[in-house]
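Visitor: Hi, could we look at this one together? I am new to reading structures, so please go slowly.
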Amino acid sequence: MAITDKIYLKNHRQIASQLETSIPKSAFSGATLDLLFQGENLAQLNETTQERVLDFATDFLDCDCQSNPHCGHPEEKFIRYLLELREQGLGPDAIVDVMGDDYMLYAYSGDILSFLDDSVRTLEAVESLADVDGNPEAAKQARTKRHQLSR
Ligand SMILES: [Zn+2]
């Protein structure tokens, strides 16, 4: 399961009651994206929630793909967001706090930790492959990235 399947709406129950419908807990589930970003639904949310939902839309759902928000870019962008927080030196608990403040989202810090470990391992694999391929530039990039994540 991708990390984006383990990102949840922090105020899930409140959102469901404001929308007067059931809504999945997972922020990146197709149904959640559809429900939250239909204009008429957005208007039913309280002001603070609306702001966070709009921030989320601006930061992650801003591509021009016809199939937006189901094109895969929101997930990719969110993963980049998590990695950037890590590069700023934040640990899993702090990352969970920040996503709560920024977008009213939450995740289990254990899931974030595994995701970060997996990312480092993926970069190690990229680095070895690039070395084998005789591509020192790519190997160096992967190594730099890995060091940024393992600080
Ligand atoms: Zn897209």
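**Around helix α7**

Guide: The buried residues of α7 are covered by elements that include α5 (73-87), α6 (92-103) and α8 (136-150). This is a predicted model, in which local features need pLDDT of at least 70, side-chain atom pairs count only at pLDDT 80 or more, and totals for chains, interfaces and linings use all residues. Residues are numbered from 1 along each chain as its sequence is written.

Visitor: Which residues of α7 are buried?

Guide: They are Ile-112, Phe-115, Leu-116 and Leu-123, where buried means that 20 or more other C-beta atoms, placed from the backbone, lie within 10 Å of the residue's own, while 12 or fewer means exposed and anything in between partly exposed.

Visitor: And how many helices and strands are there?

Guide: The chain has eight helices and two strands, which are DSSP runs numbered from the N terminus (helices are H or I with at least four residues, strands are E with at least two).

Visitor: Back to α7, what span should it have?

Guide: Its 24 residues (109-132) should span 34 Å at 1.5 Å a residue, and this agrees with the 35 Å between its end C-alpha atoms; the expected span is 1.5 Å times one less than the number of residues.

Visitor: New topic: is Thr-48 buried or exposed?

Guide: Thr-48, which lies in helix α4 (residues 47-60), counts as exposed because it has 10 C-beta neighbours inside 10 Å.

Note on methods. Contact = placed C-beta atoms within 7 Å.
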